[in-house]
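Here is a short briefing on one protein model. Look over the sequence and the 3D view, then read on.

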Amino acid sequence: LAIDAAWRSHIAGAQQKNLDAVVAMYADDCIYVIAGTPPVIGRQAIATMEQRGMTTGEVVNARHAVEALRVDGDLAYELGIVSGDIAPTGQGPQQVVFHFVAMWRRSEDGEWRLALKQQFLLRRRWPGGDDATARANYCQRGSRRYVDRRRVRPARRRQSGESGSRDRDARDARAPVARGGE
């Protein structure tokens, strides 16, 4: 709940162009990595990056979704998505999706703050078109993809007398059968 509240404050701050609210969720020593760019290290450097983003457009709407979250004492690990519409200066809104991995750390004041964020995908166009239906279809497929990765197939039970190597079993199945007297 506290991490979700931090995201809500961050997104509201971005929509209101309130830099203090945007950077409040970052730890002083946070490392922020966007694929293909050098890491941004420290809250002050992240504030500069966020300020630059605020001057180049507006966040029309945004939504944060947790795909997976694990808390271990004062650390939390999150797989998540932030999606929504941004409007670059002088242009109409564009739909975006940010996929990320984050490590949160509970600070001395008890607040959860981002210690590390790796943003690994930015999608601006939706497969199948740029309308709301294409966006919804993509998001539904994306959710199933994450669920499928976590699904574990039960192991096939071996019958008595079966060997333990699937590769050997497959190789044996392809080998010609030797028949006595032929």
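Predicted model: local features only at pLDDT ≥ 70, side-chain atom pairs only at ≥ 80, totals over all residues.

Ala62 stands opposite Gly84 in strand E4. Residues are numbered from 1 along each chain as its sequence is written, and side-chain values use heavy atoms, leaving out hydrogens and water.

**Overall layout**

- The protein has five helices and six strands.
- From the N terminus on, the elements run α-α-β-β-α-β-β-β-β-α-α.
- Buried residues make up 30% of the 182 residues. Buried means under 20% relative accessible area, exposed means over 50%, and partly exposed is in between (1.4 Å probe, protein chains only).
- Take the contacts with a separation of 6 or more: residues 24 or more positions apart account for 48% of them. A contact means heavy atoms within 4.5 Å.

**Strand E4 and its partners**

- E4 (75-88) is mostly covered. Of its 14 residues, 10 are buried.
- E3 and E4 pair in the antiparallel sense over 14 bridges. Two strands pair if DSSP finds at least two bridges between them.
- The hairpin of E3 and E4 has two residues between the strands. Gly73 takes a positive phi near 65 degrees there.
- E4 and E5 also run antiparallel, joined by 12 bridges. In this pairing, Glu78 stands opposite Ala102 in E5.
- The hairpin of E4 and E5 has five residues between the strands. In its turn, Gly90 has a positive phi of about 80 degrees.

**Strands E1 and E2**

- E1 pairs with E2 (residues 40-41) over two bridges, in the antiparallel sense.
- Tyr32 stands opposite Val40 in E2.
- Five residues lie between E1 and E2 in their hairpin. Gly36 in the turn has a positive phi of about 85 degrees.

**The nonpolar core**

- The largest nonpolar core has 23 residues. Such a core is a set of buried Ala, Val, Leu, Ile, Met, Phe, Trp, Tyr and Cys residues joined through side-chain atoms within 4.5 Å.
- Trp7, Met25, Tyr26, Ile46, Trp104 and Leu114 have the most contacts inside this core.
- Helices H1 (2-16), H2 (19-23) and H3 (43-55) each give two or more residues to the core. So do strands E1 (26-34), E4 (75-88), E5 (94-106) and E6 (112-123).
- Beyond four places in sequence, Trp104 touches residues including Ile3, Trp7, Met25, Glu78 and Leu114.

**Glu78, a buried charge**

- Glu78 is found in strand E4.
- Which side chain of opposite charge is nearest to Glu78? Lys117 is, at 8.4 Å. Lys and Arg count as positive and Asp and Glu as negative; His and the chain ends are not counted.
- Glu78 is buried yet has no salt bridge. A salt bridge is a side-chain nitrogen of Lys or Arg within 4 Å of a carboxyl oxygen of Asp or Glu.
- The side chain of Glu78 does make a polar contact with the side chain of His64, at 2.6 Å. A polar contact is a pair of N or O atoms within 3.5 Å; within protein, one must be able to donate a hydrogen and the other to accept it, and residues adjacent in sequence count only if both atoms are side-chain atoms.
- Leaving aside neighbours within four places in sequence, Glu78 is in contact with residues including Ile3, Trp7, Val66, Phe100 and Trp104.

**Salt bridges**

- The count comes to five salt bridges.
- Arg8 forms one with Asp4, the closest N and O atoms being 2.5 Å apart. These two are four residues apart in helix H1, so they are separated by about one helical turn. Asp4 is partly exposed, at 30% relative accessible area.
- Asp28 and Arg43 meet in a salt bridge at 3.5 Å, N to O. The pair links distant parts of the chain: Asp28 is in strand E1 and Arg43 in helix H3, 15 residues apart. Asp28 is exposed, at 60%, whereas Arg43 is partly exposed, at 25%.
- Asp74 and Arg106 form a salt bridge at 3.0 Å, N to O. Asp74 lies in the loop between E3 (57-72) and E4, and Arg106 lies in E5, so the pair ties together parts that are 32 residues apart in sequence. Asp74 is partly exposed, at 45%, and Arg106 is partly exposed, at 33%.
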